[in-house]
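This briefing covers a few packing features of one protein model. The points are grouped by topic below the display.

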Amino acid sequence: HKQSPPEWLPVEQTVQLDLEDEASVHRVIRCVNPDVVVHLAAISSPAVCEKDPHYAQLVNCPTHLTSALRAYAPSCMLIFSSTDLVYDGESPPYTAVTAPIPVSAYGQTKLEFEKEVLSLTYGVVLRLSNMIGAPFAYRPCGVKFLQWLEDCCQKKERVGLRNDEIRSFVDVTDVITVIVKTMVIHMANLRSRECISNVNGIYNVGGPRGLSRLELGRLVAEAAGVEFIVDSAASTTPEAVTSSDSDRNSQPWRVFATTNEESVKTTGIRNPRDVTMISSDTEKRFDMEFSD
């Protein structure tokens, strides 16, 4: 919410908006009078949210935004990128009508803003899983998990990957498709001045199967044609990886399995065990099929 716009986007086509500043939010919404707002900004690190829950609440549940839309753009559609971490991870798989029980400050702040979005005349909540896909098209902000895995695989870097934290990893292009189709439906409704198709509500947006980070690593190695070896423990001494590119390419990628419990010991944060989602209703609603 405070990032500079991408370099390829002309400055005259951008408007800066600080979600922490009520006056800024109201001024922008009043001046722009948007038909659709796609709200993607967030403090998305569970660790940061746990450390500073007040700041997380301020950014992840920006009630300034919903109040501004009610006041100045009541016909605007708000599309909100929520998270699969609103589920507790103990009773998978989850449908969009499953009662959410977040176990982290991050999930709690997202759930609270879901309620705000659904109180609007036009509001859509997308419960997104961990997104994977193409590399950044412009200046990176943070590290994308899939690119990190591919880089580790290429360098044969020995890393720990969790084997007991399951998510429905989703292709970012599928997420974009859902967002665009939602926008198209809403704009058609506005043009016709009647509700041709009601798209309001909550949608799970996840891939067709649940995977651990370890299983995703195995798929990355398989796609790269690299042998994937899981050592029994972090202390296992791996074979030396030679420095030449040709020798490195012939080497297996050795990793070791880690667990959620180990993460709790080092970070103090317990992530949901298995938040596999059922997204078939979303596929049906938007006439699409999520990539496997």
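In this predicted model, helix H3 spans residues 53-60 and has Ala56, Val59 and Asn60 as its buried residues. Viewed down the H3 axis, these buried residues fall within an arc of 85°, so they line one face of the helix. An α-helix has 3.6 residues a turn, so residues three or four places apart point the same way.

**His39 in strand E1**
- Strand E1 covers residues 36-39, and His39 lies in it.
- His39 has a relative accessible area of 5%, and it counts as buried because the cut-off is under 20%.
- Leaving aside residues up to four places away in sequence, His39 touches Leu19, Pro62, Leu65, Leu78, Ile79, Phe80, Ser81 and Phe113.

**Helices H4 and H5**
- Two packed helices are described by the angle between their axes and the distance between the axes.
- The axes of H4 (residues 63-72) and H5 come within 10 Å and cross at roughly 0°.
- H4 and H5 are therefore roughly parallel to each other.
- On the H4 side, the contact is made by Thr63, Leu65, Thr66 and Arg70.
- On the H5 side, Phe113, Glu116 and Val117 make the contact.
- By type, the residues of the contact of H4 with H5 are three nonpolar, two polar and two charged.
- Leu65 and Phe113 take part in the contact between H4 and H5, and both are also touched by His39.

Technical notes. Residues are numbered from 1 along each chain as its sequence is written. This is a predicted model: local features need pLDDT of at least 70, side-chain atom pairs count only at pLDDT 80 or more; totals for chains, interfaces and linings use all residues. Side-chain values use heavy atoms; hydrogens and water are left out. Buried means under 20% relative accessible area, exposed over 50%, partly exposed in between (1.4 Å probe, protein chains only). Helices (H or I, at least four residues) and strands (E, at least two) are DSSP runs, numbered from the N terminus. The arc is that of the directions from the helix axis to the C-beta atoms. Contact means heavy atoms within 4.5 Å. Axes are lines fitted to C-alpha atoms, for helices over the stretch in contact, and angles run from 0 to 180 degrees between N-to-C directions. Angles under 35 degrees count as roughly parallel, over 145 as roughly antiparallel, 65 to 115 as roughly perpendicular and the rest as oblique. Ala, Val, Leu, Ile, Met, Phe, Trp, Tyr, Cys and Pro count as nonpolar, Asp, Glu, Lys and Arg as charged, and the others, Gly among them, as polar.
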